[in-house]
Amino acid sequence: MKPAVFSQRMPSFGRVNQVPRTAETHPLTWRLRDDGQTVWLDEYRQKGGYRVAETQLAHKTPEDICRCVKEAGLKGRGGAGFLAGIKWSLTARGEGIPAAYLVCNADEMEPNTFKDRMLLEQLPHLLIEGMILAGYANQAVRGFIFLRGEYVHAARVVERAIGEAREAGLLGAHIAGTDYSFDLQLHVGAGRYICGEETALLNALEGRRANPRAKPPFPGQAGAWGRPTVVNNVETLCNVPVVLEHGPEWYQALARPESGESGTKLMGFAGAVRRPGIWEVPFGISARELFEDYAGGMRPGYRLKAWQPGGASTGFLLPEDLDLPMSSAGMARKGLRLGTALALAVDDRVSMVALLHNIESFFSRESCGWCTPCREGLAWAVKLLSALKDGRGRAEDIQQLEKLVGHLQPGMSFCGLAPGASEPLRSALALFRDEFEATLARSPPLPA
Ligand SMILES: Cc1cc2nc3c(=O)[nH]c(=O)nc-3n(C[C@H](O)[C@H](O)[C@H](O)COP(=O)(O)O)c2cc1C
Ligand code: SF4
C-alpha cells in the first residue's frame, strides 16, 4: 500500500500523517506543521518562504514570469481548469489602460470541497507569496482575497498574515526593496455559492448584488471597478511560487505522464471511507489509488455504490470506473468534469433520490434568480424529488426531471451554476433510474 504523504482528517483539520513530505514531491504541503497549526511568517521564512518572490522581483520581468507559468501548463484549480499563463497573457495593459487588480477566489462553497480552507488556515504566506508573484506578472497594483463568510478562522489567520507580511516589507510600497508596489486586502463575503462565480464575485466585491455579469467584457479587460482584473483560485495562486522556483519542466514532470496535466493536486475522498481526507498527489493518479491507498477503501459494513469525482456539481461514476485517471482528460472519457477533485463515496445505504434531493435543494437555494431555467427549473426539480423521496411521486415526474435536465444544459442559462446543478441529476437518472422508479411503488394512486 502506498503511504499517504499528506493526510488531513475532517473535520478537525488538525491531523497530519507523519510520513515525510518533501519539497521535491509535495511542493505545496511540505511546509505544513504536523500539529495542524498555522505556519506564521518566521517559520515560513525558515522554510525558504518568500525567497522566490524576492529573487523573481529583483531579477525577472513580468513577461518572464508569465512565460514560465504558461510553459509549465499551470491550470486553474477553481474547477474550470483554464491555463493561468494564458489568462495572464490576456490581461489588458498599455497606455491609457488603468493598472490591473488581482483577485483571489477563496469563496470555496462547493459541497465536499475544503482544500482552499486548509491552505488559507495553515499556509497563508504561501498564498500571499503566490499573489505577490501573480500581481507582479500582471503588473497589478492591488490584490483582494474574497473569502467565504463562514471561514471565520481563515479570516483571522489571513488578516494576521497580511499584517506580518506588510510589517516585513513584503507588501506595500517597494516590496523587498524593488520598484514593485502591491498591497493586499481581505474581503469577507456573506457566504453565498454564487459569489464563487468570478463575475458575481466582482459584483459582490464592489458592494453590488452578486449576479454574474455578461461576458464580454471578460474580467481581464474590465473587471473590478472597471479595471483589468485577474481572478484565480487559492490553490492556483499557491502553485505559482512552486512553478517559479523549480521551472516548467520540473513542474510538468510532477504529474503522471500522459495525464495531460502538470504539477501536483490537492485531492480527497469523503463519505463512508476508512480515512476521509485530502492529500497532495501527482495530478493524474487513478481514482482507485486515491480511494484504496489513501482513503483506505470503504469502512467495514459499507459497499461503494457510486462516487463523484470533484464536488456536488460533478456527475456520478460507478465502482468499475475507479481506474480512471483523476485528470480532466480521464473524466472526459465518461463525459464528466474533474471539478475540484475532492471525491465523494456514496455507499449502498444512501438513497440516490434522497441524495439528489439534498444536492438540488442546495443549488436551488443558492441560485441567484437571474435567469428562468435556473430559478424556476431547480425549484421545480426539488419539488419533484421531494415528492419521489416521500412516496408521493408519479411516473411522469421522472420524465419531467429528465426534461428539466435538458433545460439546464450549458447555453440555456446565464452562468455555470445551472449546468453544474444538472450534472449529478442527469447522471443519477441515467445510472440509477431503478431507484427513482422504485419510489413509485410507494406512491398512492391518483384520485380518479
Ligand atoms: C457557480 C460557480 C461557483 C464557483 N465557485 C468557485 C469557488 O468557490 N472558487 C473558485 O476558485 N472558483 C469558483 N468558480 C470558478 C470561477 O468562476 C473561476 O473560474 C475561477 O475562480 C478562476 O480561477 P482559476 O482559473 O484559478 O481556477 C465557480 C464557478 C461557478 C459557475
Ligand atoms: S444560472 Fe442560476 S445562478 Fe447563474 S445567473 Fe442564472 S439564475 Fe443566477
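**A walk through the model**

Let's start with threonine 439, which counts as buried at 5% relative accessibility, buried meaning under 20% relative accessible area and exposed over 50%, with partly exposed in between (1.4 Å probe, protein chains only). You'll find threonine 439 in the segment after helix 17 (433-438); helices (H or I, at least four residues) and strands (E, at least two) are DSSP runs, numbered from the N terminus. Leaving aside neighbours within four places in sequence, threonine 439 is in contact (heavy atoms within 4.5 Å) with Val353, Leu388 and Gly391.

Before going on, bear in mind that this is a predicted model, where local features need pLDDT of at least 70 and side-chain atom pairs count only at pLDDT 80 or more, while totals for chains, interfaces and linings use all residues. Residues are numbered from 1 along each chain as its sequence is written, chains are lettered from A and ligands numbered from 1 in the order in which they are written, and side-chain values use heavy atoms, with hydrogens and water left out.

Next stop is glycine 377, in helix 14 (residues 372-389). Glycine 377 is buried too, with a relative accessible area of 6%. If you skip its neighbours within four places in sequence, glycine 377 touches Thr372 and Leu404.

Now over to helix 2 (residues 51-59), whose buried residues are Val52, Ala53, Gln56 and Leu57. They sit on the same side of helix 2 because they cover an arc of only 115° around the axis, the arc being that of the directions from the helix axis to the C-beta atoms. An α-helix has 3.6 residues a turn, so residues three or four places apart point the same way.

Finally, have a look at ligand 1. There are 18 residues around ligand 1, and Gly78, Asn105, Asn232, Asn233 and Thr236 come nearest; a residue makes the list if one of its heavy atoms lies within 4 Å. Strand 4 (residues 229-233) gives the largest share of this shell, 3 residues. On threonine 236, a polar side-chain atom lies 2.7 Å from an oxygen atom of ligand 1, and on asparagine 233 a polar side-chain atom lies 2.8 Å from an oxygen atom of ligand 1. Glutamate 198 uses a polar backbone atom instead, 3.0 Å from an oxygen atom of ligand 1.

Key:
A polar contact is a pair of N or O atoms within 3.5 Å; within protein, one must be able to donate a hydrogen and the other to accept it, and residues adjacent in sequence count only if both atoms are side-chain atoms.
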